[in-house]
Amino acid sequence: MSLSEHAVHEIRALPARFPEIRSAVMPALDIAQEDAGHLTPDNMSEVAGLLKLDPGYVEGVATFYSLFHRQPVGKHRFYVCDNLSCMLRGAQDLIGHLHQTLGVSSPDEVSRDGLFSVEAVECLGACEYAPMMRLDHQYHYDLTAEKLDQLIDERRAAQEPAVKKPRARKNA
Ligand code: FES
């Protein structure tokens, strides 16, 4: 088993929430990807086993959608929309800013600290808030370079281990 107990438990609970078991494949792959960082032949076949579906079908879904990754990706992945509305409002400059700040130049690259990758994606359906993106399962709107820097800083800070206070000594 390559999936954690927690992920297995979450995937097992999915079929009850959908009228068709096949509808549970995408959320199940999402859980597997979140758990392992990316999808592997092993975790895709575990998903198939847990949902009692053909492994070829599960792999077909995973390869069709660009939000599923079969190579290691950054823990935090910027999905920046570069369709018309976002493009007209500076999406390309923002993608360039992310590339430069994180030291990456393609969707397959991961920043040196292993935390980030950047991908330009098709319209995410929030054109009125252009330019926008998805990061960590959340949409972020009306983006600026400053907002991107802040999001990067917050995630880096959350990664740093808390400084432990030295224990007070008991007097003998
Ligand atoms: S064009 Fe970017 S969300 Fe639609």
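Two strands count as paired if DSSP finds at least two bridges between them. That idea comes up a lot here, so keep it handy. This is a predicted model, where local features need pLDDT of at least 70, side-chain atom pairs count only at pLDDT 80 or more, and totals for chains, interfaces and linings use all residues. Residues are numbered from 1 along each chain as its sequence is written. The protein chain has seven helices and four strands; helices (H or I, at least four residues) and strands (E, at least two) are DSSP runs, numbered from the N terminus.

**The whole chain**

- Starting at the N terminus, the elements go α-α-α-α-β-α-α-β-β-β-α.
- The radius of gyration of the protein chain is 19 Å, well over the 16 Å that the globule rule gives for 172 residues, so the chain is more spread out than a compact globule. The radius is taken over C-alpha atoms, and the rule is 2.2 Å times the number of residues to the power 0.38.
- Along the principal axes, the C-alpha atoms fill a box of roughly 70 × 50 × 25 Å.
- Buried residues account for 24% of the 172 residues. A residue is buried if 20 or more other C-beta atoms lie within 10 Å of its own, exposed if 12 or fewer, and partly exposed in between, with C-beta atoms placed from the backbone.

**The sheet**

- The four strands make an open sheet, ordered β2-β1-β3-β4, with mixed pairing.
- At the edges sit β2 (116-121) and β4 (138-140), each pairing on one side only.
- From one strand to the next, the twist averages 25 degrees.
- β1 and β2 pair in the parallel sense over six bridges, and cysteine 81 stands opposite valine 121 in β2.
- β1 and β3 run antiparallel and are joined by two bridges; valine 80 has methionine 133 in β3 as its bridge partner.
- β3 (residues 133-135) and β4 also run antiparallel, joined by three bridges. Here leucine 135 has glutamine 138 of β4 as its bridge partner.

**Helices α6 and α7**

- Helix α6 (residues 91-102) lies across β1 (76-81) and β2, and runs at about 160 degrees to β2. Axes are lines fitted to C-alpha atoms, for helices over the stretch in contact, and angles run from 0 to 180 degrees between N-to-C directions.
- The axes of α6 and helix α7 (residues 145-159) come within 10 Å and cross at roughly 35 degrees.
- On the α6 side, the contact is made by Leu94, His97, Leu98 and Thr101; on the α7 side, by Ala145, Leu148, Asp149 and Ile152. Two residues are in contact if their C-beta atoms, placed from the backbone, lie within 7 Å.

- Asn43, Met44, Glu46, Val47 and Leu50 are buried in helix α3 (residues 41-51).
- These residues cover an arc of only 155 degrees around the axis, which puts them on the same side of α3. The arc is that of the directions from the helix axis to the C-beta atoms.
- The buried residues of α3 pack against α1 (5-13), α2 (25-36) and α4 (55-64).
- Just after α3, lysine 52 has a positive phi of about 55 degrees.

**A closer look at alanine 62**

- Alanine 62 is in helix α4, and counts as buried because 21 C-beta neighbours lie inside 10 Å.
- Leaving aside neighbours within four places in sequence, alanine 62 is in contact with Leu29, Leu39, Met44, Phe68 and Arg70.
- Valine 25 is 37 residues from alanine 62 in sequence, and the two are 8.9 Å apart in space, C-alpha to C-alpha.
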